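Have the structure open as you read.

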Amino acid sequence: GAFVWVHDRGSVIRAGNGMPQRLVGSLRLITARKNHEARLERMASFDELTGHLNHVRLREALDHAIEYNRRAEIPGAYLVIGVDKLSVINNTLGPEAGDAVLLAVGQRLDRVLRASDVIGRIGGDRFGVILGQCSEGQMARAAERILLSVREQPVQAGDAETHVSVSIGGVLFSELSTTAVD
């Protein structure tokens, strides 16, 4: 029931009259190599802990969104969400607890944002969110939904529950912006 990758190589041995006499070849199992390549490809695009885009792919998505919104003359926004005092959680409860907090915040972002919004992890304790068709008022409402979803219930971090808060900054795409670094 599992997929197996193989590399095959073969040739035909022909008789003097050109008719095939026999086939000679080999099959080499390359499943491990293919799985490793797929894992490297995933790591090149996604954060291993949260499964969201990594900072490189998020920047590419932001460049694309800025260009699209500029051409279509529609507003868009970018949010940066920082998990408050993550280093304190790491130091007091351990790095596994910090990872649990990051995972929980990422899952809550998935729940409260639109399916068209793009989420990425841009640093140790920070997430970036691209809000495609989004006015200033919609950006403020999205930020408020995020704040409430993170605060609404504690995160199970190892043996302890911890209350988490985030800080959010946002900016609307400018008509003058052409790339993520402008």
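Begin at α5, whose buried residues are Met 139, Ala 142, Ala 143, Ile 146, Leu 147, Ser 149 and Val 150. Buried here means under 20% relative accessible area, exposed means over 50%, and partly exposed lies in between, using a 1.4 Å probe and protein chains only. Helices (H or I, at least four residues) and strands (E, at least two) are DSSP runs, numbered from the N terminus.

Before going further, please note that this is a predicted model, in which local features need pLDDT of at least 70 and side-chain atom pairs count only at pLDDT 80 or more, while totals for chains, interfaces and linings use all residues. Residues are numbered from 1 along each chain as its sequence is written, and side-chain values use heavy atoms, with hydrogens and water left out.

Back to α5: its buried residues pack against β3, α4, β5 and β8 (166–172). How far apart are the end C-alpha atoms of α5? They are 23 Å apart, which agrees with the 22 Å that its 16 residues should span at 1.5 Å a residue. The expected span is 1.5 Å times one less than the number of residues in the helix.

Now look at the largest nonpolar core, which has 27 residues. A nonpolar core is a set of buried Ala, Val, Leu, Ile, Met, Phe, Trp, Tyr and Cys residues joined through side-chain atoms within 4.5 Å. The members that touch the most others are Val 83, Val 105 and Leu 131. Two or more residues each come from β3 (77–83), α3 (86–93), α4, β5 (126–131), α5 (136–151) and β6 (155–157). Of these, α4 gives the most, with six residues. Setting aside neighbours within four places in sequence, Val 83 is in contact (heavy atoms within 4.5 Å) with Val 101, Leu 102, Val 105, Asp 125, Phe 127, Val 164, Ser 165 and Val 166. There is also a second, separate core of eight residues, including Ala 65, Ile 66, Tyr 78 and Phe 173.

Next, find Asp 117 in the loop between α4 (95–112) and β4 (118–121). Is Asp 117 buried or exposed? With a relative accessible area of 8%, Asp 117 is buried. Its side chain makes a polar contact of 2.8 Å with that of Arg 114. Such a contact is a pair of N or O atoms within 3.5 Å; within protein, one must be able to donate a hydrogen and the other to accept it, and residues adjacent in sequence count only if both atoms are side-chain atoms. Beyond four places in sequence, Asp 117 is in contact with Val 129, Ile 130, Leu 131 and Gly 132.

Glu 73, between α2 (55–72) and β3, has a positive phi of about 55° although it is not a glycine. Lys 85, in the loop between β3 and α3, also has a positive phi of about 55° without being a glycine. Glu 73 is exposed at 71% relative accessibility, and Lys 85 is exposed at 65%.

Val 4 sits in the segment before β1 (6–14) and counts as exposed at 53% relative accessibility. Leaving out neighbours within four places in sequence, Val 4 is in contact with Leu 29 and Thr 31. Arg 33, in helix α1 (residues 31–45), is partly exposed at 42%.
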